[in-house]
Amino acid sequence: MDDHWFGKNRAHFNALLEPLKARTVVPFVGAGISCTASLPTWTGHILHQARSAGMDLSYISARLSSGEYEATVEEIIAARGEGLFIQEMRDAFDSDIGDARVALMVVKLTKSIIVTTNYDRVLENALAIQGETAAEMVTPAEDNARIIRAQSNGQRALLKLHGDIRTPSSYVLSKAQYDASYGGGLPDMKLSLPRKLRHIFEHGSLLFLGCSLIGDRTLRVFESLVAEAGLPNVPRHFAVLEAPPTEAELVARNAYLASLSIDAIWYPNGSHEYLPLILSELLEQLSLSV
């Protein structure tokens, strides 16, 4: 990163320290954190599913490249059945955790809520290594009472937005399931999952880790909330992200995230080793402040 982007990174890093010290940060964990524990990417897993279903991998890869994840999952399930899809999910994501070091750094950032779109047990494993009792599991379908209590009282809770690997009935995978959870078209803020996202978006500082923040349903919820509340009234959020491959893409991505009140700390394209280094530096700064 050149001086321009490094300067922005430094400003955002220093700004992030304030809510971290105040214990108002909510880590929002994506598949990139699970990848550091030797679990597959979601793209890689869907291609694996397609192979087990005997489908044309070049066709599936092209669909995924165009962002058609939800519809592709529906097609795979329709081709070989839900049973095979669940079996492959368990084989991939309910397996031994290869390396929990990065996940351990994530859970050390907060004593309260962690939000994740992952199905696996990487965060639970990290909490167990840290010697904590099992985190209170908050389900997307329930009301906001436990989320509010955990966030207000600094209690540990884990919100798995799209389900837990050991409870197949909780999975949110296909387009139909995403529509039922988020609403078709624009997000339906009367549904319980968008209401939870609304609460954490409006009452803390999210820190996105291991997320691409490209075209997913949670971003649509945040877009709706910013449009409703007005950008100046939205809390400041943060993300540690891989930079796009070109300067033009980086400029566009940075501006889009800024429109959602998300300040990005960028690391060079393909250099994922920077993520644990940044987390380590955050934790070091926090220890210095105690």
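**Entry 1: cavity lining**

I sorted the lining of the largest cavity by residue type and got 2 nonpolar, 2 polar and 3 charged residues. For the classes I took Ala, Val, Leu, Ile, Met, Phe, Trp, Tyr, Cys and Pro as nonpolar, Asp, Glu, Lys and Arg as charged, and the others, Gly among them, as polar. The model is predicted, so I took local features only at pLDDT of at least 70 and side-chain atom pairs only at pLDDT 80 or more, while totals for chains, interfaces and linings use all residues. Residues are numbered from 1 along each chain as its sequence is written, and side-chain values use heavy atoms, with hydrogens and water left out.

The lining residues are T116, N118, D120, V122, L123, E124 and K160. Helix α8 (residues 122–129) gives the largest share, 3 residues. I read helices (H or I, at least four residues) and strands (E, at least two) as DSSP runs, numbered from the N terminus.

I counted 1 cavity of 30 Å³ or more. The largest cavity holds about 30 Å³ of space. A cavity here is a set of points on a 1 Å grid over the protein atoms alone where a 1.4 Å probe fits but cannot get out; lining residues have an atom within 4 Å of a point. Points are joined across faces, edges and corners, and the volume is the space filled by probe spheres set on them.

**Entry 2: salt bridges**

I searched the whole structure and found 18 salt bridges. The criterion is a side-chain nitrogen of Lys or Arg within 4 Å of a carboxyl oxygen of Asp or Glu.

I went back to two lining residues, E124 and K160. Their side chains meet in a salt bridge, 2.9 Å from N to O. E124 sits in helix α8 and K160 in strand β4 (residues 157–160), so the bridge ties together parts 36 residues apart in sequence. Both E124 and K160 are buried. Buried means under 20% relative accessible area, exposed over 50%, and partly exposed in between (1.4 Å probe, protein chains only).

Next I checked R146 and E142, whose side chains form a salt bridge at 2.6 Å, N to O. R146 is partly exposed at 22% relative accessible area. E142 is buried at 18%.

E228 and R198 bridge at 2.4 Å, N to O. E228 lies in helix α12 and R198 in helix α11 (residues 192–202), so this pair joins parts 30 residues apart in sequence. E228 is exposed at 52%, whereas R198 is partly exposed at 23%.

I also noted a network of salt bridges that links E70, K175, D179 and R217.

**Entry 3: aromatic pairs**

I found 7 aromatic pairs in the structure. Rings of Phe, Tyr and Trp (its six-membered ring) pair if their centres lie within 6.5 Å; planes under 30 degrees apart count as stacked, over 60 as edge-to-face and the rest as tilted.

W42 and F93 make a tilted pair, 6.2 Å centre to centre with 35° between the planes. The pair links distant parts of the chain, with W42 in helix α3 (residues 42–52) and F93 in helix α6 (residues 82–93), 51 residues apart. W42 is partly exposed at 22% relative accessibility. F93 is buried at 6%.

F208 and F222 have ring centres 6.1 Å apart and planes at 65°, so I logged them as edge-to-face. F208 is in strand β5 (residues 205–209) and F222 in helix α12 (residues 217–229), 14 residues apart. Both F208 and F222 are buried. F28, F201, F208 and F222 form one aromatic cluster.

How values were computed
1 Å grid on protein atoms, 1.4 Å probe; cavity = no way out; pocket = protein on both sides within 12 Å on 5 of 7 lines; lining within 4 Å.
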